[in-house]
Amino acid sequence: MQQESFQVKKKQFFKNFTTILLFGVVGTVISFCLISLGANLLFKRIGVTSLDIQDYLAVGAILSATDSVCTLQVLNQDETPLLYSIVFGEGVVNDATSIVLFNAVQSLDVSNIDLLTALKLLGTFLYLFFTSTALGIAAGLISAYIIKTLYFGRHSTDREVALMMLMAYLSYMLAELLNLRGILTIFFCGIVMPHYTWHNVTESSRVTTKHAFATISFIAETFIFLYVGMDALDIDKWKSSKASPGTSIAVSSTLFALVLVGRAAFVFPIANITNCIKKRPSTKIELRKQFIIWWAGLMRGAVTIALSYNQFANSDKTLTEDSALMITSTIIVVLLVLWNAKPAHSDATDIPSLDDLQILFLKNGDPSDQGGSNEPAHRKGSLSLLISNPTSTVHYFWRKFDDKFMRPVFGGQGFVPFVPSSPTGAADP
């Protein structure tokens, strides 16, 4: 997660931030509701009768979690920047939202479900979402301030890289210690750190950080998918379900169909709503792109498997036949949607120089940020401008605030202290 948030182009991410939040938060909630309701209505007809309301809600949260790792394999950031930023951003926010929903369901009292209970679930979700986000941003800013002002590890690539990694991991540990959502915290920490912290270290540390995060990410992802593959071949788990092949196929098909319907129920409506709001044709999501977003987000993987085991194979619970059936059916769904994933076309070795790293990391790397685009320059903000073009206007005012207050304190492009050991990376022009 830290590697992915480091890798995404910040300009495109925040340019489409409203759309990403709609897909990643609102869309996930819609999918969660539809999958939970559908499972509750259809499973009893198939013969799965031992699950309770909390289990059905958990199924909705489990199958609402897309696999952003696999999703990234089907798109190219340079060739389709709009689609990549939306699909990637939605995948990461979706993972965090699904986990927050799952944990909110675990703490829910299902013995008496009413409007107050639903409001409590919503309140728990909002609390976990915003507090986890705030903690991640705070951890990223603290890491930038420490490296820029206190000079911990200055002139040492090993110490600078270690500090960045430890601060990112510390944000995750703090989130878990405070019963928040670590995946959301570390993602926003990874958004803040390349904007501020990354500019405060030497040139060699920047290159090393890129390759270190890419290598660790690749190893972790490989291990996760190996683990998923080993679980798929766990014969004891399949025997524990004691379900006939027909029942297993019926449950898996039902879950797969609910995933298809649940995703379509929000992708096309939300995309068309955003098209009505956006004025420029280049920012609109065409029908063909909507199908790509719908299809790319069907991927399910490690998060889905982990949540399924957490719910149905918990050490505090007895593994019943229906619980084992849910685990094996989830594995089947994951395998169904992953079989057509393409291999990645690039890795860290594709970025040979610091200049390329700056293009990848900096939100000012695009020509439009340097004044080289054909778009007219923003005039002074006004209410009409904010209403007609909210995302660009907010970005414009944020840039002014960032340059005046944030970068002088936390560092960043153009606000890097002089480092004698690294003259080329000491200060940006």
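Reply: The model is a predicted one.

Me: What is noted about the phi of N179?
Reply: Its phi is near 60°. That is a positive value, and N179 is not a glycine. Most residues other than glycine have a negative phi.

Me: What is the make-up of the protein chain in helices and strands?
Reply: There are 19 helices and 0 strands. The chain has 429 residues, and buried ones make up 50% of them. Of the contacts between residues at least 6 apart in sequence, 81% join residues at least 24 apart.

Me: Why are α4 and α6 called roughly antiparallel?
Reply: The axes of α4 (residues 53-62) and α6 (residues 81-106) cross at roughly 170°. The label needs an angle over 145 degrees. The angle passes, and the two helices are therefore roughly antiparallel. Their axes come within 8 Å.

Me: Which residues make that contact between α4 and α6?
Reply: From α4 come Q54, L57, A58, A61 and I62. From α6 come S98, L101, F102, V105 and Q106. By class, 7 are nonpolar, 3 are polar and none is charged.

Me: What does UniProt list as "transmembrane region"?
Reply: The unreviewed entry lists several spans, including 82-105 and 125-147. In the model, residues 82-105 are 100% helix and 0% strand, with 33 Å between the end C-alpha atoms. Residues 125-147 are also 100% helix and 0% strand, with their end C-alpha atoms 34 Å apart.

Me: What makes α14 largely enclosed?
Reply: Helix α14 (residues 302-312) has 11 residues, and 8 of them are buried, so the rest of the structure largely encloses this helix. The buried ones are V303, T304, I305, L307, S308, Y309, Q311 and F312. Their cover includes α4, α6, α10 (203-232), α11 (235-241) and α15.

Me: How do you know that A324 is buried?
Reply: Buried means under 20% relative accessible area. A324 has 0%, so this residue qualifies. A324 belongs to helix α15 (residues 321-338). Leaving out residues up to four places away in sequence, A324 touches K237, S240, S241 and L319. A324 and Y309 are 15 residues apart in sequence, and their C-alpha atoms are 9.4 Å apart.

Me: Why does the pair R263 and E90 count as a salt bridge?
Reply: The N to O distance between their side chains is 2.8 Å. The cut-off is within 4 Å, for a Lys or Arg nitrogen and an Asp or Glu carboxyl oxygen. The pair meets that cut-off, so the label stands. Both R263 and E90 are buried.

Me: What does the R263 and E90 pair tie together?
Reply: R263 lies in helix α12 (residues 245-277) and E90 in helix α6, so the bridge links parts that are 173 residues apart in sequence.

Me: How many salt bridges does the whole structure hold?
Reply: The search finds 3. One of them joins R263 and E90. Another joins D402 and R407, whose closest N and O atoms are 3.0 Å apart. R407 also bridges to D403, at 3.5 Å, N to O.

Me: What makes D402, D403 and R407 one network?
Reply: Their salt bridges share partners, and that joins D402, D403 and R407. R407 and D403 both lie in helix α18 (residues 390-410). They are 4 residues apart, about one turn of the helix. An α-helix has 3.6 residues a turn, so residues three or four places apart point the same way.

Me: Are D402, R407 and D403 buried, partly exposed or exposed?
Reply: D402 has a relative accessible area of 0%, which is under 20%, so D402 is buried. R407 has 4%, so R407 is buried too. D403 has 30%, which lies between 20% and 50%, so D403 is partly exposed.

Note on methods. Residues numbered from 1 in each chain as written. Predicted model: local features only at pLDDT ≥ 70, side-chain atom pairs only at ≥ 80, totals over all residues. Heavy atoms only, no water. Axes fitted to C-alpha atoms, helices over the stretch in contact; angles between N-to-C directions. Parallel < 35°, antiparallel > 145°, perpendicular 65-115°, else oblique. Contact = heavy atoms within 4.5 Å. Nonpolar A, V, L, I, M, F, W, Y, C, P; charged D, E, K, R; others polar. Buried < 20%, exposed > 50% of the residue type's maximum accessible area, 1.4 Å probe, protein only. UniProt positions renumbered as here; feature names shortened; annotations may be inferred.
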